[in-house]
Amino acid sequence: MKFTVTRGLVAAAALSLYAFAAQAQENPECIAPANPGGGWDFTCRQVGKSLQDLGLIDKTMQVVNLAGGGGGVAFAEVVNKRTDDNSLIVAASSATATRLAQGAYPGNSMDQVRWLASIGADYGVIAVAADSGIETLPQLLDTIKADPSSVSVAGGSAVGGWDHLKVLIAASAYGIKDVRSVKYIAFDGGGEAVTQLLAGSVQAFTGDISEAKGFVDSGDIKVIAVLSPERLPGEFADFPTAKEQGVDAIGANWRGFYAPGGMSDEAYDAWVSKIGELYASGEWKEVMAANGLAPLDLQGAAFQEFVAGSVAQIQSISKEIGIIK
Amino acid sequence: MELLANLGDGFAIALSWQNIGLALLGCFLGTIMGALPGLGPSNGVAILIPLAFTLGLGATPSLILLTSVYYGAMYGGRISSILLNIPGDEPAMMTCLDGHPMAKKGLAGEALSLSGIASFVGAFLATWGLILLAPQLVKIALLFGPAEYFALFALAFMTLGGVSSTNQAKSAFAAALGLGLATIGVDTQTGVPRFTFGEVHLYDGLDFLVAIVGLFALSEVFIFLETRHGGSDAAGRKLTIGKLYPPVSMIRQTTPTMLRTSVLGFIAGVLPGAGASLGSFISYSMEKKLVDKNGTFGTGDPRGVAAPEAGNNAAAGGALVPMLALGVPGSGTTAVLLAVLLALNITPGPLLFSQNPDVVWGLIAALFIANFMLLAMNIPMVGLFTRVLMIPSRILMPIVAMVSFVGIYGISGSTFDLLVMIGFGVMGWVLRKLDVPLVPIILGTLLGNSMENNLRRAVTIDNGNWWTLIDSPLSIALWAIAIIGFVLPLIVGARVKAKMHQRRDEEGAISD
């Protein structure tokens, strides 16, 4: 009975594969609200791996990629269907706050979930090609002021997204009245945007330190400003801040997690303390150093408050530049 | 020879029992995942990441496991294309065009083993390309600005006439339909949602995996249901398998094709904005323009099987170049691999080759090992795969339906995607009735977004000046090839058309 054997094989192969996806509901689960390969996916996988390495969780963290709507599909899923799930956490970042602030998750607001903790922040950078004549942030902003059409700024987020907002925050802090005249070109991710900077298609890049780091090390691009309150530690100490150049602009892409709104206090506290313990560990310091993540140590209520503040800030910038009414 | 010494070190790292075992496991699982419609290389790699982490593997063994899955899936995609006319993953779509007709002619065994060899040649040459040229190739990627990318996509679509064996107008219609579907979702250049009707699931646009499975697999099921209902027994697909090895003359005939398309596919892979699907697409249509003197492409020409397979496997290797050397993923799968590298505390980028040579050379050695393993595994397994053809449709089709539903739900975890898939299934069924080819629809959906975005980036950067599109020698060259590819068939059109009419009746849209 060759047929039966083949059919059995096909069925067995199919089942064993899908079993991977469906296995063990009790495992801690992390939803990455995007396809594999992005920042949220990284957050889930790296934190899951480190938690397990440190013995803070005894089972492997199950990472589920629930892409769609810039995180909106996952947000709606958590709010509507999984609101009582105690073993679930969801990766979030400034992009989540940006979309919540701009009403891009239809019918959802930040109060519908519980914000757990941050695991670090990626400060924004503005960079130009190594052979560019521009050396400082004011020089770049003056060029834009004089003739906005002469400078194209590339970033990895869509128009109105966080990479775009960062450059607008700087422009507005420098006194450029009509920030909408700043020419922003959206690429599919920071990597593609940097590539186009190297290719000479665009004149400036706005993104995160982690996206720029490899190219700074190789000497291909130079960072003219980092949007942090003071100079960053370690190998990033050479980057001048925008503030010290007289442009009072701060832009941090924080990374962290939220949990379902109906999670029990007990489970919430347990997650908060686990992520807090992870953050305090030496291993995590190494991960942060290797990926250019700057310190941002907020847990529980403090984090909840921080996110609320971040949403309010983005709402007011977005209104100013006309992205929302 | 520093190069050979490095490569030797790489093999020393890769050739441990554990690593060989991992490569074997990866190749096997990858082939199966590639063959299952819905599960492509990127999901395959993503599914196995937890396994790599749970086993506590280091950087090099993890990469060996995951790249074996990647290459395995690129090999496996062709199997269901040839046997069932359902592409196992996106790049294997072009293999349907000639692979399935070959299977229908009773040459399934030859088609499978020939495509296995073509995959090997493509991947093998691409791995050498990766070793020898990676640092230099980065410069090619830097020649491509938005205007050049747009010209490249335009080139792909203007030579589309070569793809479909049926009516030109219908394939143009299909491509336009695909491009239209690609506009659904939030427009990244303005941040405005288009055609989403307030449905958050549509904000990121349509997932082309869902589209492929719906259009190809489900519509196949619908056609089957219909013919059953009509009383005609669908056991009409009684097929002979034929030999398991291609005759030497066939290999000799297809060798130049394989070599040419390997180069073409590799270059497409190196460009971060292009990828494996464009690689196999351009390989097929260019090869058809070049050697299809008698109009046999689309009817089961072995060269039409070898071209896209060599092309897409070469592109898979090429896509590793920008990932390793720039930290920019050239395809969905390399985006996943990039995430794995980052999770393992390795930062790909311009300095990876000097900072982590053990990882790079171990990976390259692993690619060679995986390649030979896959060839050795795939040729004897052809006999096993071809048995699928002998499963009666009444049993096979429910399995296809089940795998489609479980597969799509397993990936996205959303019932909305299942509804979209059913919608595409119905659409595919109607379009097949109307003899409209399905491949250009997928190409439109797959490439439409990048094409549109690059056009708008180019024009915005140059402040609304459309002449920017032909402002560099490279873009002028690409446009010239595109126009020649478009116009030439019109001039010699009468001759070609006559031949097309001769054979369009027998095959119809099913063989598109």
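Predicted model: local features only at pLDDT ≥ 70, side-chain atom pairs only at ≥ 80, totals over all residues.
Residues count from 1 along each chain as its sequence is written, and chains are lettered from A in the order in which they are written. Local features need pLDDT of at least 70 and side-chain atom pairs count only at pLDDT 80 or more, while totals for chains, interfaces and linings use all residues.

**View 1. Where chain B meets chain A.** The contact takes in 57 residues of chain B and 58 of chain A, with contact meaning C-beta atoms, placed from the backbone, within 7 Å. Helix 3 (41-54) of chain B is among the elements giving two or more residues to its side, and its seven residues are the largest share. Sorted by class, chain B's side has 36 nonpolar, 18 polar and three charged residues. Here Ala, Val, Leu, Ile, Met, Phe, Trp, Tyr, Cys and Pro count as nonpolar, Asp, Glu, Lys and Arg as charged, and the others, Gly among them, as polar.

**View 2. B:Ile442 in the largest nonpolar core.** Out of 265 core residues, A:Leu116, A:Ala170 and B:Ile442 touch the most other members. A core joins buried Ala, Val, Leu, Ile, Met, Phe, Trp, Tyr and Cys residues through C-beta atoms within 7 Å; buried means 20 or more other C-beta atoms within 10 Å of a residue's own, with C-beta atoms placed from the backbone. Leaving aside neighbours within four places in sequence, B:Ile442 contacts B:Met93, B:Gly178, B:Phe208, B:Ala211, B:Ile212 and B:Leu215.

**View 3. Helix 7 against helix 8 in chain A.** A:Gly190, A:Gly191 and A:Val194 of helix 7 meet A:Glu211, A:Ala212 and A:Phe215 of helix 8. Helices are DSSP runs (H or I, at least four residues), numbered from the N terminus.

Definitions and conventions:
Contact = placed C-beta atoms within 7 Å. Buried ≥ 20, exposed ≤ 12 C-beta atoms within 10 Å, placed from the backbone.
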